[in-house]
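Take a look at the structure below. This short report covers how some of its parts meet.

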Amino acid sequence: MLTEYPRLRSVLGQATTIAITLLGLLLLTFIIGRMMPADPVRAIVGEDASRETYEQVFNQLGLDRPVWEQFLRYLGDVFSGDFGTSIRTGQPVINDILHVMPATIELATLAILIGAGLGVPLGVIAAVNKDRWPDHVVRVFSLFGHSMPIFWTGMIALIIFYAKLGWVGGSGRMSQFYIGMVPDRTGFLLIDSLLAGQMDVFWSAINHLILPAALLGYSSSAYITRMTRSFMLDQLGQEYMTTARVKGLSKRQTIWHHAFGNIKVQLVTIVALAYGGLLEGAVLIETVFGWPGFGQYLTNNLIIGDMNAVMTCVLIVGVIFIALNLLSDLLYRVFDPRTK
Amino acid sequence: MTDLPLPTRRIPGPLLALRNILTFLIRQPTSAFGLIVLAVLILTAIFAPLIATHDPYVQDLNNVLQAPGNGHLFGTDELGRDIFSRLVWGARITLTIIFLVTIVVGPLGLLVGTTSGYFGGRFDTVMMRITDIFLSFPSLILSLAFVAALGPSLNNAIIAIGLTSWPPIARLARAETMTFRKADYIAAARLQGASPMRIILKSIVPMCLPSVMIRLTLNMATVILTAAGLGFLGLGAQPPLPEWGAMIATGRRYMIDSWWLVTFPGLAILTVSLAFNLLGDGLRDALDPKQMNRR
């Protein structure tokens, strides 16, 4: 019956794939959580608890049950929104994460704007001048962005632009002086400070944001440049480009209106994927810049071994990746007339 | 065997291809740079005791945080250890990481990819789902999770990187296998009664090997950056090991006044990962038949 509705079937197929991937994700975090050498019971009851207390907590945590039952319990907890409590703050882990997320989203969003703003034009320039010097310059520039250890570049940039030149703010989201001056409404400091009409805080925030965002943006522009270049090369090699030129259109018109117009959809999907990739860079760059976001939360908890928090973070990154993959797929379907 | 005269100095196909690829790489300035850097890295690692000017572990508390020059090419760190010598010995750690990750990832990816490509069907679906799950994390985040579970150390970092970087290899090996598995010589082997294991090991794996090796080279830059990132976060190599990422982490406290502590290890990481990227870029061109004809 389903064969009569190819679209419905493909949607169902995709939903199953996503469900299975999600389940696998949960299984993976569950297994990693179980491999942990530290004893979760000891972490709660302390070193010199009596045998009875130990057994009691052991049973309370459900560790006496078979592994598959523990996994089902974990699934049930996750789907009812219970990700456990953080050992450090005593708060539900998910609350902590929601609290730090806006800082990272602010950083990643500015970074992706810089990355795409840099990567797309460079990719087009490289493709148009294939195998001539602009192509080589762009290639080396973007390979540099791809090869640099971002935590190191962050430090070097701090030494130069903060310590020596004093052009930008140092670590954190704003100067110490302004902390607590703006009411926390959305968690996005740029928006909050504008809402409160505090332009000083706004500029301070921009000042602190620009350096880490530029570095993250540069590192993600490498990927965007490469993909833009290869998409453009595909288009430029096609016969309709020659036709357009023969019809008398200028080179600029054929490049920007014809070729570039055709790769827009592909670019959107690439940028969506690059946005997810920024999370990885964010873990390192947030550590360097003392940025109170998701990445710093993850590394802080890794160091103290708070596995509930760590595994929830890993799970969230996985879910974000799946969601972005799905989104780019959907965008492709919506905007590309050929898939209709 | 028949008594047909065999050509005496016939170079086997794969080796000939390898020679062609190498010639192509050396002709390009960028990939030649990559090859040279790697050669230097390997030589440095082998001859580390001869190249290093000081013992990388000996502390000299009278000479801490010395600026470059004065008998210390790249200066000294917070414990008076010679940074140049530590970088030289660190090359061994970098090479160890590269080598161990390769021998974990290569066979694992090949095994998963070739078996699922050869058997197909349900087995293939399940294996590819698992691959997708691993692919849905950025490699650093998943390695972080594994290291958190296993405990921080250089070996665990290598295991974690190995566990997280096999999926692209498996994908590639599977795609290659799918193209051969209907080939006549595979059918011939099967009709002779060869077991699936034998067919995979003797007939399929050798065919996948060249492209897998190239893919491994392409991934090495990421592996090096991930290992350095783990070292930087304190989850990889532990002090006093002269691992470059860990050196940056300890130098971070002194970076404003003593820039050389973080600058030189970072340059080392950048150079090696750039070399792998340039080499990978060259390899991609070398293997693209369209490009090869044009040049």
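How are helix 4 of chain B and helix 8 of chain B oriented to each other?

## Two helices in chain B

This is a predicted model. Two packed helices are described by the angle between their axes and the distance between the axes. Helix 4 of chain B covers residues 83–119, and helix 8 of chain B covers residues 167–180. Their axes come within 7 Å and cross at roughly 40 degrees. The two helices are therefore oblique to each other. The crossing of helix 4 of chain B past helix 8 of chain B is right-handed.

Helix 4 of chain B brings several glycines to this contact, including Gly106(B), Gly109(B), Gly113(B) and Gly117(B). From helix 8 of chain B come, among others, Ala170(B), Arg171(B), Ala173(B) and Arg174(B). By class, the contact has nine nonpolar, seven polar and two charged residues.

## Where chain A touches chain B

The contact between the chains takes 36 residues from chain A and 39 residues from chain B. Several helices of chain A each supply at least two residues to its side, among them helix 6 (133–147), helix 11 (251–289) and helix 13 (307–335). Helix 1 of chain A gives the most, with seven residues. The side of chain A has 27 nonpolar residues, eight polar ones and one charged one.

## Domains of chain A

Six residues of domain 1 of chain A are in contact with six residues of domain 3 of chain A. On the domain 1 side, four are nonpolar, two are polar and none is charged.

Definitions and conventions
Residues are numbered from 1 along each chain as its sequence is written. Chains are lettered from A and ligands numbered from 1 in the order in which they are written. This is a predicted model: local features need pLDDT of at least 70, side-chain atom pairs count only at pLDDT 80 or more; totals for chains, interfaces and linings use all residues. Two residues are in contact if their C-beta atoms, placed from the backbone, lie within 7 Å. Helices (H or I, at least four residues) and strands (E, at least two) are DSSP runs, numbered from the N terminus. Ala, Val, Leu, Ile, Met, Phe, Trp, Tyr, Cys and Pro count as nonpolar, Asp, Glu, Lys and Arg as charged, and the others, Gly among them, as polar. Axes are lines fitted to C-alpha atoms, for helices over the stretch in contact, and angles run from 0 to 180 degrees between N-to-C directions. Angles under 35 degrees count as roughly parallel, over 145 as roughly antiparallel, 65 to 115 as roughly perpendicular and the rest as oblique. A crossing is left-handed if the near helix is turned anticlockwise from the far one by less than a right angle, and right-handed if clockwise.
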